Amino acid sequence: MTAVLVGAAGLLGLLVGSFLNVVAHRVPRGESVVRPPSACPACGARIRPQHNVPVLGWLVLGGRCRDCSAPVSARYPLVELATGALFAVVAWRTGLSWALPALLYLTAIAVVLAVIDVDVHRLPDAIVLPSYAVGGALIALAAVAAGDPAALARAAVGSAALWLLYFALAVAKPGGMGFGDVKLAGVLGLYLGWLGWAELAVGAALGFLLGGVAGVGLLLARRASRRSAIPFGPFMLAGALLAVLAGDALAGAYLAAVGL
């Protein structure tokens, strides 16, 4: 049963990843994600259905447009593969439960928001703000089904706490933290608080840790300066997903390491 669930989640992730490529390209431009159909950005030719199959379509075409031979970025199959792999891992970690839809939704928005933030240094309200309602509804359904109403209170506290933390940082150092990060923090706090206090603490800490390590690495490699604008959203999202998958274990390992 587990293998079937993981395989099905992986296939679903590939399909969702294909759609996320469309979202990542169009939402920052204010375009519809429904119309027109997918087309080559170079010549405008519509993508044929057989070439729109996740990953395989790109491989069959050799990474080039069928009509004008313009190169098609390898990012498209990579996003599809990443989404499929993450969906499979989340399904393996969670199992068949009411929590699974909520966590798959979080995974999907994490992928697309990370891609957009890297591209345009922005976390669009069109994705972040509806996630409060959608994520909240899915979390409420999971909490009620599990008979755990206390999880809803934790979710509310987690959302408010992480939002206030990022808001304070944004106000304390204008320009250092964008308000897109603040709004995203509320969504992540909602999820992490729902899962538990350990996940909330680990997810918040890992975002800063991963961002700091990446920043130092870029400085040492001379790929950035102290004044370079480095998108922080991907590190927030990566920290949250790691906490979803192993937050309790990481918190336990940390406490054991410091002798608590």
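In this predicted model, helix α1 gives the most to the lining of the largest pocket, with five residues. The elements that supply two or more residues to that lining are α1 (2-26), α2 (56-60) and α3 (75-94). In total, 37 residues line the largest pocket, and S38, A39, P41, I47 and Y76 lie nearest its centre. By class, this lining comprises 18 nonpolar, 10 polar and nine charged residues.

The second largest pocket is lined by 20 residues, of which G175, G176, M177, I230 and F232 are the closest to its centre. Here α7 and α8 each contribute at least two lining residues, and α8 gives the most, with three. The lining of the second largest pocket divides into nine nonpolar, seven polar and four charged residues.

The lining of the largest cavity consists of L162, Y166, L188, L192, G203, A204, G207, M236 and A240. The largest share, three residues, belongs to α8. Seven residues of this lining are nonpolar and two are polar, while none is charged.

The volumes are set out below.

| Space | Volume |
|---|---|
| Largest pocket | about 770 Å³ |
| Second largest pocket | about 650 Å³ |
| Largest cavity | about 60 Å³ |

Note on methods. Residues are numbered from 1 along each chain as its sequence is written. This is a predicted model: local features need pLDDT of at least 70, side-chain atom pairs count only at pLDDT 80 or more; totals for chains, interfaces and linings use all residues. Side-chain values use heavy atoms; hydrogens and water are left out. On a 1 Å grid over the protein atoms alone, a cavity is a set of points where a 1.4 Å probe fits but cannot get out, and a pocket is an open set with protein on both sides within 12 Å along at least five of seven lines; lining residues have an atom within 4 Å of a point. Grid points are joined across faces, edges and corners, and a volume is the space filled by probe spheres set on the points. Helices (H or I, at least four residues) and strands (E, at least two) are DSSP runs, numbered from the N terminus. Ala, Val, Leu, Ile, Met, Phe, Trp, Tyr, Cys and Pro count as nonpolar, Asp, Glu, Lys and Arg as charged, and the others, Gly among them, as polar.
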